[in-house]
Amino acid sequence: MEPGLRTGAPGADKKILRVLAGETLDPPPVWMMRQAGRYLPEYRAIRATAKSFIDFCYTPALAAEATLQPIRRFGFDAAILFSDILVVPDAFGQPVSFETGEGPRLDPIETPEGLSRLAGRIDLGRLAPVFETIRLVKADLPAETTFLGFCGAPWTVASYMIAGRGTPDQGPARLFAYRHPEAFQRLIDRLVAGSIDYLCAQLEAGVDAVQIFDSWSGVLPGQEFRRWCFEPVRAIAAGVRARHPEARIIAFPRAANPHLAAVAALAEIDCVGLDTSADLAAVARDVQPLKPVQGNLDPLALLAGGAALDAAVREIRAKLRGRPYVFNLGHGITPPTPIAHVERMLELVREAR
Ligand code: CP3
């Protein structure tokens, strides 16, 4: 074997990395957003041993085990680091907690002055358990499994920092951005710099590629999308690339259909995640010729199962098969989803055609 070409060397036999590099695979590789989570009995069992969700994220042995559970059970082509996008505010000095059944809670930033509570730079020391989790997972991951790290996009993370919780339409952050655009820009800039450092540290600890989740990009009008979603995500991808030229980067601008082709055209982005609402004929025509895509099974079709699930999986394969894509959901799997439905989905995705 040539030096440096060990099994599991980046890209050697990892199908998702091959697709991200532009190869068309049919059947496609597959993973699921939120694949480590409450629909798995083995997840609920270890989750019950942790004091809180954030403690769980910061306990490397538990977080590594949660990352690996869905790989052992289903053999997905990617493992995604078990953590949360909201560890970033935590590492800027805005503590986060998760109330059972209620979602995240932070002390909201209601005025520009409130930003002075945040540190100027991300404290990567606070996130040391995340990097330790990556090292533990890496040691146990099959050579063919792509290991994904991630962060939230600045707009999505900022929207929780401003509101202090999830809201139906991120109204508080949108109002803050209209009323105090300069202060909001400073917050976004700080998150861009912190996200670059954080993603680079994940790559250095051993992930193969990273995904940037912009779960709330769909609530912004065009110009606002450009300023608060498109530009910051581009800046993060460029910053990561400058330090790690080989890094593979997936952008997931959820519910931002009018902007998918513009995101795909970015030189710094290798793949565009599609949410449930993406029109696959338009994607095949306008987006896939530019970049590989990833998506977009409706988590509710997966929950429903039966004929609806079969039809939805077949439709995605039929529409996207001509060019590179990774099969995924359009958003995270929901806790009540039966395991048997996930198994059926995988059977259909992996079927030779
Ligand atoms: O995908 C994975 O399996 C990896 C881990 C992961 C989690 N959250 C674990 C989690 C990832 C990549 C995330 C991303 C995340 N977190 C996003 C972006 C993607 C999306 O879903 O839109 C957002 C917006 C968050 C913030 C967040 N975290 C919310 C709103 C909630 C509460 C809602 C819920 O599902 O309970 C969380 C908690 C959370 N993050 C859970 C998990 C498994 C559930 C908590 C628990 O197990 O008690």
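A pocket, on a 1 Å grid over the protein atoms alone, is an open set of points where a 1.4 Å probe fits, with protein on both sides within 12 Å along at least five of seven lines. A molecule sits in a pocket if more than half of its atoms lie within 2 Å of its grid points. Here, the space taken by the ligand is the largest pocket.

Some notes on the model. It is predicted, so local features need pLDDT of at least 70 and side-chain atom pairs count only at pLDDT 80 or more, while totals for chains, interfaces and linings use all residues. Residues are numbered from 1 along each chain as its sequence is written, and side-chain values use heavy atoms, with hydrogens and water left out.

Now the shell around the ligand.

Next, polar contacts, which are pairs of N or O atoms within 3.5 Å. Tyr 43 has a polar side-chain atom 2.5 Å from a ligand oxygen. For His 331, the distance from a polar side-chain atom to an oxygen atom of the ligand is 2.8 Å. Asp 84 places a polar side-chain atom 2.7 Å from a ligand nitrogen.

How much of the ligand's accessible area does the protein cover? On its own the ligand has 870 Å², and the protein covers 86% of that, by the Shrake-Rupley method with a 1.4 Å probe.

Technical notes. Polar contact = N/O pair within 3.5 Å; in protein donor to acceptor, adjacent residues only side chain to side chain. 1 Å grid on protein atoms, 1.4 Å probe; cavity = no way out; pocket = protein on both sides within 12 Å on 5 of 7 lines; lining within 4 Å.
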